[in-house]
Amino acid sequence: MMENKLNELKKAMDSTTHKGVHFTEFQKNKIRHSVHRPNQTKRPNPFIIFIMTTVAICLIGFFVSTELMVKQNETINSSPDTWQVKHDYTENNKVVFSIFPDPELREGKPYGYIFSFKEPFDTFKGKDLSISAVHKESGQRIEVVSPQKITEPSNGYSSLQRFAASFQVPDSGLWRYEVYLDGKTYGDVVVSVDEKEEGSPIILPEDIPDFVQKSDFDNINWDRKATEFGRNMIGNENRSGIIGADMPSLTGQKWMWHLWDTEASELTVVGYHRESGTVQPVLNNGESWSIPLGGENNGADVHAPSSVTIPERGEWAFVLYGDGKLFDVIVLGIEK
């Protein structure tokens, strides 16, 4: 009885999902292989990787080389020959300002210059304008025009079309004049300065005392510079000295002269400018040659106070005469 029921159940199951062969032998092997082998990520095609890497390298090389070329062009364009003689400063092919130097421009002698600025006056109004000179051969830099505040245009003009300046440079060759506004570079020009004419005769002013001779300047020892000694004195110790000349400048100042080993009652001072070869008075703001001498002071036998004005930069020899006789020479360099 039980056996008949089991046979009937088997027939019923065979007639549904359990009937027939469910997996082929190939399928069974594939299933077994997958069960015993872990999953692996599929690797990309090596050829595709090679192509993409090559393209990336080419693109990087292109952009780097392009950038280098741009920088090189910028350097070339921004670095022209800065020592080529030019009397016009231009920007974007437009003249910003021009300079008109003396055709006889030479080293060691003051000359007048005209700077013609083209921009409206508002560009300069209320600003400090200064000019520096740079020498090509030596690299020396000097300020030839001290900062001066611009308050009004050139006389008869709407702007600075005729900005006048007078100065000298100590050496021949190429000089670059740099213009600054409020300390910032405005522009530059380059001029050529000729050598000083050798053997230029010394010209004595008409009102100079008769006892002053041209030969007095021929034997000046420029290597014998004034030194400091005593109580803030500058000069030649035990011969002549000045109080007040420890910081010589172009502005008016008070100097007290001291002489040793003399009883002279009058001091004559003749200023000789080495670079220009000019002879000038310096006492009483350049208005007189002589002053009276007083008695002993600061260890010296005679002395005299005075006001002094030095007209220009450079090396100066102050030739001293006591009662009309050549007494001493004080050599000073004055730059400020």
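Strand β5 supplies 5 residues to the lining of the second largest pocket, which is the largest share that comes from any element, and in this predicted model the elements that give two or more residues to that lining are β5 and β6. The space in this pocket comes to about 380 Å³. Among the 20 residues that line the pocket, those closest to its centre are V144, F167, Q168, E312 and R313, and the lining as a whole divides into 10 nonpolar, 5 polar and 5 charged residues.

In soluble globular proteins, nonpolar side chains tend to be buried together. Here the largest nonpolar core holds 31 residues, and the members that touch the most others are F97, F115, F117, L129, I131, F163 and Y177. The elements that give two or more residues to this core are β2 (94–100), β3 (111–117), β4 (128–135), β5 (141–149), β6 (163–167), β7 (173–181) and β8 (184–193).

Which residues does Y177 touch, leaving aside those up to four places away in sequence? Its contacts include I99, Y113, I131, A133, F167 and V169, together with G187, D188, V189, V191 and V193.

Where pLDDT is low, the predicted coordinates should not be read in detail.

How values were computed
Residues numbered from 1 in each chain as written. Predicted model: local features only at pLDDT ≥ 70, side-chain atom pairs only at ≥ 80, totals over all residues. Heavy atoms only, no water. Core = buried A, V, L, I, M, F, W, Y, C linked by side-chain atoms within 4.5 Å. Buried < 20%, exposed > 50% of the residue type's maximum accessible area, 1.4 Å probe, protein only. Helix = DSSP H or I, 4+ residues; strand = E, 2+ residues; numbered from the N terminus. Contact = heavy atoms within 4.5 Å. 1 Å grid on protein atoms, 1.4 Å probe; cavity = no way out; pocket = protein on both sides within 12 Å on 5 of 7 lines; lining within 4 Å. Points joined across faces, edges and corners; volume = space filled by probe spheres on them. Nonpolar A, V, L, I, M, F, W, Y, C, P; charged D, E, K, R; others polar.
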